[in-house]
Amino acid sequence: INANSFREAVESMLVNHESYKLKMLEAKDIFITEPTNRTEKLAYYTNLLLKYGNLKYLRNDLIMRQNFFQLHNLDVLGVLIVGVTLVMMVLTGCASCVFRKTKNSVTDIKKQS
């Protein structure tokens, strides 16, 4: 397949299949005029629902199949909390070793003088 054959196939679909062309124009209308704030978005999707009827194809089925933890990213949050806790424990252990050694060396210096 090359660019020319792909272009010809798409153009023949648009010319020969009127229902496909109408669906593409509908999809263009839906996705290009996307509003920015929440109030406009609510009005926009309400208008689309009234204009085109059922909008089932806009629903994301992956969200419906996720469990509670995946949906709210609690699994990612758990991994981040465990990772940060481990890093803090390692840093605290290193800092206590350094302070213990410096404290011992300071007391050794005081004993010698």
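Modeller: Start with the fold. This is a predicted model. Its chain has 6 helices and 0 strands.

Biologist: What pattern does the chain follow along the sequence?

Modeller: Read in order, the pattern is α-α-α-α-α-α.

Biologist: What share of the residues is buried?

Modeller: Buried residues are 5% of the 113 in the chain. The cut-off for that label is under 20% relative accessible area.

Biologist: Now the cysteines. How many disulfides does a search of the whole structure find?

Modeller: The search finds 0. Take C94, which is in no disulfide. Its nearest cysteine sulfur belongs to C97, 6.7 Å away.

Biologist: Why is the sulfur of C97 too far for a bond?

Modeller: A disulfide needs two cysteine sulfur atoms within 2.5 Å. The closest cysteine sulfur to that of C97 is in C94, at 6.7 Å, so the pair is too far apart for a bond.

Biologist: Why does C94 count as partly exposed?

Modeller: The label covers values between the buried limit, under 20%, and the exposed limit, over 50%. C94 has 46% relative accessibility, so it is partly exposed. C97 has 39%, so it is partly exposed as well.

Biologist: Which residues make the nonpolar surface patch?

Modeller: F6, V10, M13, L14, Y20 and M24 make it, over about 490 Å². Helix 1 (3-16) and helix 2 (18-32) each give two or more residues to the patch. Helix 1 gives the largest share, 4 residues.

Biologist: What makes L14 partly exposed?

Modeller: L14 lies in helix 1. Its relative accessibility is 33%, so it counts as partly exposed. A patch residue needs over 30% relative accessible area.

Biologist: What does the side chain of S12 reach?

Modeller: That side chain reaches the backbone oxygen of A9, at 2.8 Å. The cut-off for a polar contact is 3.5 Å. The 2.8 Å distance is within it.

Note on methods:
Residues are numbered from 1 along each chain as its sequence is written. This is a predicted model: local features need pLDDT of at least 70, side-chain atom pairs count only at pLDDT 80 or more; totals for chains, interfaces and linings use all residues. Side-chain values use heavy atoms; hydrogens and water are left out. Buried means under 20% relative accessible area, exposed over 50%, partly exposed in between (1.4 Å probe, protein chains only). Patches are made of residues with over 30% relative accessible area and no salt bridge: like charges are joined within 9 Å, nonpolar side chains (Val, Leu, Ile, Met, Phe, Trp, Tyr) within 5 Å. Accessible areas come from the Shrake-Rupley method with a 1.4 Å probe; for residues, only the protein chains shown count as cover. A salt bridge is a side-chain nitrogen of Lys or Arg within 4 Å of a carboxyl oxygen of Asp or Glu. A polar contact is a pair of N or O atoms within 3.5 Å; within protein, one must be able to donate a hydrogen and the other to accept it, and residues adjacent in sequence count only if both atoms are side-chain atoms.
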